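Subject: Structure handover

Hi,

Here is the structure I promised to pass on.

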Amino acid sequence: MISIERLTKVYGSGPSATVVLDGLDFRVGTGEIFAVVGPSGAGKSTLAQCVNLLERPTSGSVVVNGENLSQLSERRLRVARRRIGTIFQSDGLYGRRTAAQNVALPLEYLGVTPAESRTRVAELLDRVGLSSRAAHYPHQLSGGQRQRVGIARALALRPSVLLSDEATSGLDPESTASIVRLLKELRDDLDLSILFITHEMDTVLQVADSVARLEHGRITESGRIVDLLRNPDSALGRSLRPARDAAVATPGAGTWFVSYTGTAVPADWVLRLASELDASVSILGASIETVAGATVGHATLGVTPSDPGRILAAALALGLHARPVGSAPAATGVAPELESVA
Ligand SMILES: Nc1ncnc2c1ncn2[C@@H]1O[C@H](COP(=O)(O)OP(=O)(O)OP(=O)(O)O)[C@@H](O)[C@H]1O
């Protein structure tokens, strides 16, 4: 488990001081993947450097399994750092070393015997599905495979926390999906706390259990992914939804946007809605999926004229939040840019 407590980082001093992280608070539980997303300049890299203790925070703490690492002496910090494995965007592998030799590096620094190291490296490469590539050099591996070697190396010293700093940025969708699968396996099999720092929203949806949005050095919103997706008022939840243009309703039908808010939305909700309203309900766009074991979704519907109050009530009874598309944002609490999006 890792807790970030009132973490503040200020570069420079006096009038030129820049507050880059401003009192961040969050916790990544054992067996949890916690994503931090944010735009360029939000402070993500600085956060990563403070978490893996390459940078000392100006104030606040990084606490791993109850021990405050930010207050340790340099000597004790060198040992404590082993509890946090880091994977970076650039895999940082040594080109003149094979995959196995790269994974062995942290073990060599620690003075592990060659025999022990060989066993552990074989175990780690097997863990990341690269046993058959042990003798390959980085240039003989794909981007995704190099990142897997980086993950194996980050796990070499049996950390309890894995820090992923833009580790899937720049990978193609297939490689990203395979790294995401691997991180979830590691979370479950090794009970790791994984802090996943990224600017890619769609990867967050695939990988994370919880997410926080970092802006100008502050967390503006955070929560479990499922809760955010089910909350129609959550800006972070809305930004996690894939934005796609919906089809246009037939003339005379009204356009409505509905999103899952309940935990037990029936699978045949479209039929039920149509029957309850005694109206024709057509799907103009929809995304329904399982995230962290829960069904979440949203849809744009064309509904033949019905009383808006009845549509809202019928949707609510099915565990759905409904709003007419094109209504004033102030009345619905929905951002205008989402008005035409399914
Ligand atoms: N050593 C430094 N001295 C002064 N300012 C710094 C230093 N490092 C970073 N900053 C500033 O801190 C802010 C946050 O930078 P950081 O690199 O952490 O953001 P980021 O979210 O990782 O951005 P990106 O996604 O573009 O990498 C920026 O305004 C940057 O200029």
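**Helix pairs**

Start with helix H10 (residues 269-277) and helix H11 (residues 308-317): their axes come within 10 Å and cross at roughly 140°. That angle makes H10 oblique to H11, since angles under 35 degrees count as roughly parallel, over 145 as roughly antiparallel, 65 to 115 as roughly perpendicular and the rest as oblique. The axes here are lines fitted to C-alpha atoms, for helices over the stretch in contact, and angles run from 0 to 180 degrees between N-to-C directions. Helices (H or I, at least four residues) and strands (E, at least two) are DSSP runs, numbered from the N terminus.

On the H10 side, Leu273, Glu276 and Leu277 meet Arg310, Ile311, Ala314 and Ala315 of H11; residues are in contact if their C-beta atoms, placed from the backbone, lie within 7 Å. By class, this contact of H10 with H11 has 5 nonpolar, no polar and 2 charged residues. For the classes, Ala, Val, Leu, Ile, Met, Phe, Trp, Tyr, Cys and Pro count as nonpolar, Asp, Glu, Lys and Arg as charged, and the others, Gly among them, as polar.

Before going on, two notes on ground rules. This is a predicted model, so local features need pLDDT of at least 70, side-chain atom pairs count only at pLDDT 80 or more, and totals for chains, interfaces and linings use all residues. Residues are numbered from 1 along each chain as its sequence is written.

Next, helix H5 (residues 143-155) packs with helix H6 (residues 173-190) at an angle of about 20°, with the axes 9 Å apart. H5 is therefore roughly parallel to H6. Gly143, Gly144, Gln147, Arg148 and Ile151 of H5 make the contact with Ser175, Ser178, Ile179 and Leu182 of H6. Its residues are 3 nonpolar, 5 polar and 1 charged.

H5 also packs with helix H3 (residues 99-110), at about 30° and with axes 7 Å apart, so H3 and H5 are roughly parallel to each other. H3 passes H5 in a right-handed crossing. Ala99, Asn102, Val103, Leu105 and Pro106 come from H3, and Val149, Ala152 and Arg153 from H5. That contact divides into 6 nonpolar, 1 polar and 1 charged.

**Around the ligand**

Which residues are around the ligand? They are Tyr11, Thr18, Val20, Gly38, Ser40, Gly41, Ala42, Gly43, Lys44, Ser45, Thr46 and His199, each with its C-beta atom, placed from the backbone, within 6 Å of the ligand. Strand E2 (18-28) and helix H1 (44-51) are the elements giving two or more residues to this shell. H1 has the largest share, 3 residues. By class the shell has 3 nonpolar, 8 polar and 1 charged residues.

**Confidence**

The mean pLDDT (the predictor's confidence in each residue, from 0 to 100) of the protein chain is 91, and 95% of its residues reach 70 or more. Over residues 328-342, pLDDT stays under 50, and the model has 24 contacts beyond four places in sequence for them. The complex gets an ipTM of 0.95 and a pTM of 0.89 from the predictor.

Cheers

Conventions
Two residues are in contact if their C-beta atoms, placed from the backbone, lie within 7 Å. A crossing is left-handed if the near helix is turned anticlockwise from the far one by less than a right angle, and right-handed if clockwise.
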